[in-house]
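Trainee: Please take me closely through one part of this model, the sheet. Then show me what else is worth a look.

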Amino acid sequence: MSAERELRERLRALVAEAREEGAWEALVEEWRALGAAPQRSPASGELPGRFGMVGASPPMEALFDLLEKVAPSDVAVLILGETGTGKEVVARALHEAGGRAERVFLAENCAAVPANLLESELFGHVRGSFTGAVADRAGHFVVADKGTVFLDEIGDMPLAMQSKLLRVLQEGEVRPVGSNKLKRVDVRVIAATNKDLTAMCAERTFREDLYFRLNVITIELPPLRERGGDVALLARHFLASTGEQVGRDLSLDGDALAALEAWTWPGNVRELENEICRAAVLGGDTIRAEDLSPRLSGGV
Ligand SMILES: Nc1ncnc2c1ncn2[C@@H]1O[C@H](COP(=O)(O)OP(=O)(O)O)[C@@H](O)[C@H]1O
Ligand SMILES: [Mg+2]
């Protein structure tokens, strides 16, 4: 974990340096050449879908139409939906399909970072501003200048941090922790949550003024159980991608597909992805109903 953190720090420093030196475009080219840039289309390209997402059900078609309209604009978008419905995929798709695609996209999970570190993650810090701040560090809003910052689980952002974020959005300036210098930034903010922010506003655990700033457009992701027909498509998509990874030609028999289609998928697309992965490990090349988790075939 600390090795990963160190690598992230180094990458961030490199990105910040490239920006300053005006070598940004060259760095992006290099990144692409190394094959590290995110894939824009699903692995199984012939499946129906758009924006790198698989789906052909009416709620997904409506979602794709909305993404077409929203992506080119710079407005703040709030993405709502149950866990595993594809909120992060949508945030990336908005970035990739918009005018900021050549710039940085950075995601922060507001629920996963301790409250005292979140400010430094987002706005940066100067050396010595707190124990462990051994070097200056650019925050997401600086590294992703002219790009996009994705604030995942925004409903878990502490109130004090909400106020600081609101100020940044209003002023278009960040102040790194421990610094007295403001930096102008131009960042598209996309936020996501599976919490009921209106209820949180009423309880005063979420700032209403911030809510209105983040929520110029709301994009609601339908739960998988409401996407008629998409379970089969997504299953094929994950069979293809898992099969490619393990070098096997995977398929489902009729009973297995029926069991997948009958399930309610509380964990949505992520749960289906994990299910296919699990069955691929436990079963043969043709996955049968018995290879699925017991809960899917009427067991516990
Ligand atoms: N429509 C889709 N087509 C293909 N893969 C998807 C789709 N929606 C979600 N996924 C995959 O499902 C997983 C969960 O998506 P994610 O965006 O992390 O969900 P959330 O942020 O809502 O919890 C990811 O691995 C993502 O790539
Ligand atoms: Mg997520």
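Mentor: Start at threonine 148. Its bridge partner in S10 is arginine 188. S10 is the strand of residues 188–193, and S7 pairs with S10 in the parallel sense over 4 bridges. Two strands pair if DSSP finds at least two bridges between them. Strands themselves are DSSP runs of E with at least two residues; helices are runs of H or I with at least four, and both are numbered from the N terminus. This is a predicted model, so local features need pLDDT of at least 70, side-chain atom pairs count only at pLDDT 80 or more, and totals for chains, interfaces and linings use all residues. Residues are numbered from 1 along each chain as its sequence is written, while chains are lettered from A and ligands numbered from 1 in the order in which they are written.

Stay with threonine 148. S4 covers residues 105–109, and S4 and S7 run parallel over 5 bridges.

Now look at S7 itself, residues 148–152. The strand is mostly covered: 5 of its 5 residues are buried. Buried has a cut-off: 20 or more other C-beta atoms within 10 Å of the residue's own; 12 or fewer is exposed, anything in between is partly exposed, and C-beta atoms are placed from the backbone. Thr148, Phe150 and Asp152 point one way from S7. Val149 and Leu151 point the other way.

Step back to the whole sheet. It is open, with 5 strands in the order S4-S7-S10-S3-S11 and parallel pairing. S4 and S11 (217–220) stand at the edges, each with a single partner strand, so one side of each has no neighbour in the sheet. From one strand to the next, the twist averages 20°. Strands of a sheet pair through backbone hydrogen bonds, either parallel or antiparallel.

Next, S3, residues 77–80. S3 runs parallel to S11, joined by 4 bridges. S3 also runs parallel to S10, again by 4 bridges. Leucine 80 faces threonine 193 in S10, and leucine 80 also stands opposite glutamate 220 in S11. Leucine 78 has threonine 218 of S11 opposite.

Axes are lines fitted to C-alpha atoms, for helices over the stretch in contact, and angles run from 0 to 180 degrees between N-to-C directions. Val231, Ala232 and Ala235 of H10 make the contact with Leu257, Leu260 and Glu261 of H11. Contact means C-beta atoms, placed from the backbone, within 7 Å.

Last stop: glycine 178, in the loop between S8 (173–174) and S9 (183–184). Glycine 178 counts as partly exposed, because it has 15 C-beta neighbours inside 10 Å. Leaving aside neighbours within four places in sequence, glycine 178 touches His125, Val126, Gly128 and Ser129. Aspartate 136 is 42 residues away along the chain, and its C-alpha atom is 9.9 Å from that of glycine 178.

Methods
Two residues are in contact if their C-beta atoms, placed from the backbone, lie within 7 Å.
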